[in-house]
Amino acid sequence: MADKNINCKDCGKDFVFTEGEQQFYAEKGFTNEPQRCPDCRRAKKDQRRNDRNYN
């Protein structure tokens with residue numbers, strides 16, 4: 001496996017999906033590559049966490 005450049009679907013910036021991250025995803029059984037960069041993934045996770053706290 002080699003590092004892959006992926007375009008974030010939220011912010012449009014390119015980010016690197018490293019070989020190590022790809023191996024981690026494979027070990028966890030994930031079949032899809034990430035669609036968001038780490039910053040947008042973190043923001044999305046924080047948003048979900050905040051939404052749960054208000055409900």
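## Ground rules

In this predicted model, local features need pLDDT of at least 70 and side-chain atom pairs count only at pLDDT 80 or more, while totals for chains, interfaces and linings use all residues. Residues are numbered from 1 along each chain as its sequence is written, and side-chain values use heavy atoms, with hydrogens and water left out.

## Overall fold

The chain has 2 helices and 2 strands; here helices (H or I, at least four residues) and strands (E, at least two) are DSSP runs, numbered from the N terminus. Read from the N terminus on, the order of elements is β-β-α-α. The radius of gyration of the chain is 13 Å, well over the 10 Å that the globule rule gives for 55 residues, so the chain is more spread out than a compact globule. For reference, that radius is taken over C-alpha atoms, and the rule is 2.2 Å times the number of residues to the power 0.38. Along the principal axes, the C-alpha atoms fill a box of roughly 40 × 25 × 15 Å.

Buried residues make up 18% of the 55 residues, where buried means under 20% relative accessible area, exposed over 50% and partly exposed in between (1.4 Å probe, protein chains only). The accessible surface of the chain comes to about 4,600 Å², and 44% of that belongs to carbon and sulfur atoms; the areas come from the Shrake-Rupley method with a 1.4 Å probe, and for residues only the protein chains shown count as cover. Among contacts with a separation of 6 or more, 29% are between residues 24 or more positions apart, a contact being heavy atoms within 4.5 Å.

Let's start with M1, which sits in the segment before β1 (4-7). M1 counts as exposed because its relative accessibility is 59%. Beyond its neighbours within four places in sequence, M1 is in contact with E19, Q22 and Q23. The C-alpha atoms of M1 and Q23 are separated by 8.4 Å, although the two are 22 residues apart along the chain.

Q22 belongs to helix α1 (residues 19-28). At 7% relative accessibility, Q22 counts as buried. Its contacts, again leaving aside neighbours within four places in sequence, are M1, A2, D3, K4 and F17.

F15 lies in strand β2 (residues 14-17) and, at 7% relative accessibility, counts as buried. Not counting residues up to four places away in sequence, F15 touches K4, N5, I6, N7, C8, P34, Q35, R36, C37, P38 and R41. One of these, K4, is 11 residues apart from F15 in sequence and 8.2 Å apart in space, C-alpha to C-alpha.

N50, by comparison, is in helix α2 and is partly exposed, with a relative accessible area of 40%. The C-alpha atoms of N50 and F15, 35 residues apart along the chain, are separated by 26 Å.

## The largest pocket

About 190 Å³ of space lies in the largest pocket. A pocket here is an open set of points on a 1 Å grid over the protein atoms alone, where a 1.4 Å probe fits, with protein on both sides within 12 Å along at least five of seven lines; lining residues have an atom within 4 Å of a point. Grid points are joined across faces, edges and corners, and the volume is the space filled by probe spheres set on the points.

The lining consists of Y25, P34, Q35, R36, R41, K44, K45 and R48. Helix α2 (residues 38-54) gives the largest share, 4 residues. By class, the lining has 2 nonpolar, 1 polar and 5 charged residues; Ala, Val, Leu, Ile, Met, Phe, Trp, Tyr, Cys and Pro count as nonpolar, Asp, Glu, Lys and Arg as charged, and the others, Gly among them, as polar.
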